[in-house]
Amino acid sequence: MKLLITTTLITLVFLNGCQQIQQDDTAKHADMVSQKRGSVLIEKGIVELSDEQDHDKNVAGIDPETELYVVDNPDSIEVYVNKQRRLPEGYEPDDLVEPDVEHLSQQGVNRRLLRQEAAEALELLFEQADEQGIDLVAVSGYRSYERQKTIYQSNVANKGQEEADRFSAQPGTSEHQTGLAMDVSAASVSFLLDQAFDQTDEGSWLVEHAHQFGFVIRYPEGKTDITGYEFEPWHLRYLGEELATHLYEEDLTLEEYFGYHY
Ligand SMILES: [Zn+2]
């Protein structure tokens, strides 16, 4: 993958000429100021891809420093981020609301929030679960770029980068920044985000029913090589009922669905 990115970069630099290279070098040391271009945030220092690449992969460009692709559709319900694809640095959803469900966190914190459509879907999911005797608790939803940066840097400091990368997302690459992901847990695992959650009634219920409300278990068991993440039975990602049901029925991750793997 690294080779592919490097090749792409060399091609782009060749196509864009020396002026582009100089601009990039300057931007590396400058503050990453963002500017609006149409509905898409383009950061300074991001090398833009050709039209063909844009259309294929919903990518606005590539950050030469981190070699990560920057997606051009952060507001889409189907936005696809992972360890190679990140959100624009300044991205923040403009329709964050607090779903009316049981939360583990105190009132007023960001992690209670989700985008409107995902929040409504989560309320329906919790309602249905409750009717069937399944007591879920929302643990962690929206997370800003800055918050993710702090978390990631702390994990790298404590565990080293290689180990941290197995469970912690680089800033900009977390689904929690999209406002479409919520970590959930239950009293049966002391409200922890733990793989043991999969063995509980609540975890099993989610595996069977999450898609009916438009959610998927984004990082399933046995797909670490594809998603780049360890099994996270607690991490729900909203994709809308149609796509979530398709992924559930075909046993696909987003990486497999879009056709490029970690
Ligand atoms: Zn999560």
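Which residues lie nearest the centre of the largest pocket?

**View 1. Centre of the largest pocket in the predicted model.** Arg143, Ile151, His176, Asp183 and Leu193 lie nearest the centre of this pocket, whose volume is about 660 Å³. These five residues belong to a lining of 30 residues, which by class comprises 12 nonpolar, 10 polar and eight charged residues.

**View 2. Elements that supply the lining of the largest pocket.** Strand 9 (137-140) and helix 4 (145-159) each supply at least two residues of the lining, and the largest share, four residues, comes from helix 4.

**View 3. The buried residues of helix 6 and what covers them.** In helix 6, which spans residues 201-209, the buried residues are Glu202, Gly203, Trp205 and Leu206. Because they cover an arc of only 160° around the axis, these residues are on the same side of helix 6. An α-helix has 3.6 residues a turn, so residues three or four places apart point the same way. The cover over the buried residues of helix 6 includes helix 3 (116-131), together with strand 10 (181-185), strand 11 (215-217) and strand 12 (235-238).

**View 4. Residues 1-41 and the confidence of the prediction.** For the protein the mean pLDDT is 83, with 78% of its residues reaching 70 or more. Over residues 1-41, however, the pLDDT is below 50, although this stretch has 48 contacts in the model beyond near neighbours in sequence.

Notes. Residues numbered from 1 in each chain as written. Predicted model: local features only at pLDDT ≥ 70, side-chain atom pairs only at ≥ 80, totals over all residues. Heavy atoms only, no water. Buried < 20%, exposed > 50% of the residue type's maximum accessible area, 1.4 Å probe, protein only. Arc of directions from axis to C-beta. Contact = heavy atoms within 4.5 Å. 1 Å grid on protein atoms, 1.4 Å probe; cavity = no way out; pocket = protein on both sides within 12 Å on 5 of 7 lines; lining within 4 Å. Points joined across faces, edges and corners; volume = space filled by probe spheres on them. Nonpolar A, V, L, I, M, F, W, Y, C, P; charged D, E, K, R; others polar. pLDDT = per-residue confidence, 0-100.
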